Amino acid sequence: MMTFMLAKESLDVIYINIWAIVISLVNLLILFLLLKKFLFKPVTRIMAERRAKVDAIVSDAEAARAAAEADKAAYAERMAAADADAAEVIRRATATATRESEAIVATARERAAAVKKQAESDIAQEKKKAVNELKGEISDISMTIAEQVVGREVTPADHHAMIDAFIAGMDSGDSHA
C-alpha cells in the first residue's frame, strides 16, 4: 500500500493553477511592453542613426570618388594641353633656330665675299706695286744699258721715253722695243 500512497501524493503535486498562468502572462506582457519601450525603441533608433551615418559615409565616398574622377579628367586635359604647348614651343624654337642659322650662313657668305673682294683688291694693289717696282728696276737697267750703248749720259726725258717705249712693247707682247 505504500506504493499506492506515494503515487497518490505525487499526483497531488501536479496540478494546473490558472491564476499563476494568468499572472505569468500578465508579467510577460508587462515585461514585453517595458522591453519594447526601454530597449527595442532605443536600439532601433541607434541602429537607424548608425545606418544614416554609414549612408552618409558611403555618399561622401561616392562624392569623393566622383571628384577624384573629375580631377583625373582635368589632369589628363591639362597634360594634353601641356603636351600641345610643348610641341608648339619646340616647333617655334626649331623655326627660330632655322632662321638664325640661315642668318648666320648669310652673314658668313657676306663676310667671305668681303674678304674675297678685299683679297682681290690687295692682289691688284700688289700687282701694281710689283709692276711699278719692275718699271723702276727696268728703268735703272735700261738707263745703264743706254749709257753704255750711247756712251753718254741719258737725260731724264730720254730716260722716260725709253721706259714708256719698253713698257709699250711689253704690253703688246714685243719684248725688244
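In what order do the elements of the protein run from the N terminus on? They run α-α-α. The secondary structure comes to three helices and zero strands.

The protein averages a pLDDT of 84. Of its residues, 84% score at least 70. Helix H2, residues 18–150, has the highest confidence, at a mean of 90. Helix H1, residues 2–13, has the lowest, at 54. Where pLDDT is low, predicted coordinates should not be read in detail.

Next, the surface. The protein has 177 residues, and 5% of them count as buried.

Now the charged pairs. Side chains of opposite charge can pair when their charged atoms come close. The count here is four salt bridges.

One of them joins Arg-45 to Glu-49, with the closest N and O atoms 3.5 Å apart. Both residues sit in helix H2, four residues apart, so about one helical turn separates them. Arg-45 is partly exposed, at 47% relative accessible area. Glu-49 is also partly exposed, at 42%.

Arg-91 has a relative accessible area of 47%, and Glu-88 has 30%. Both count as partly exposed.

Glu-88 also meets Arg-92 in a salt bridge, at 3.9 Å from N to O. This pair lies four residues apart in helix H2, about one turn. Shared partners join Glu-88, Arg-91 and Arg-92 into one network.

How values were computed:
Residues are numbered from 1 along each chain as its sequence is written. This is a predicted model: local features need pLDDT of at least 70, side-chain atom pairs count only at pLDDT 80 or more; totals for chains, interfaces and linings use all residues. Side-chain values use heavy atoms; hydrogens and water are left out. Helices (H or I, at least four residues) and strands (E, at least two) are DSSP runs, numbered from the N terminus. Buried means under 20% relative accessible area, exposed over 50%, partly exposed in between (1.4 Å probe, protein chains only). pLDDT is the predictor's confidence in each residue, from 0 to 100. A salt bridge is a side-chain nitrogen of Lys or Arg within 4 Å of a carboxyl oxygen of Asp or Glu.
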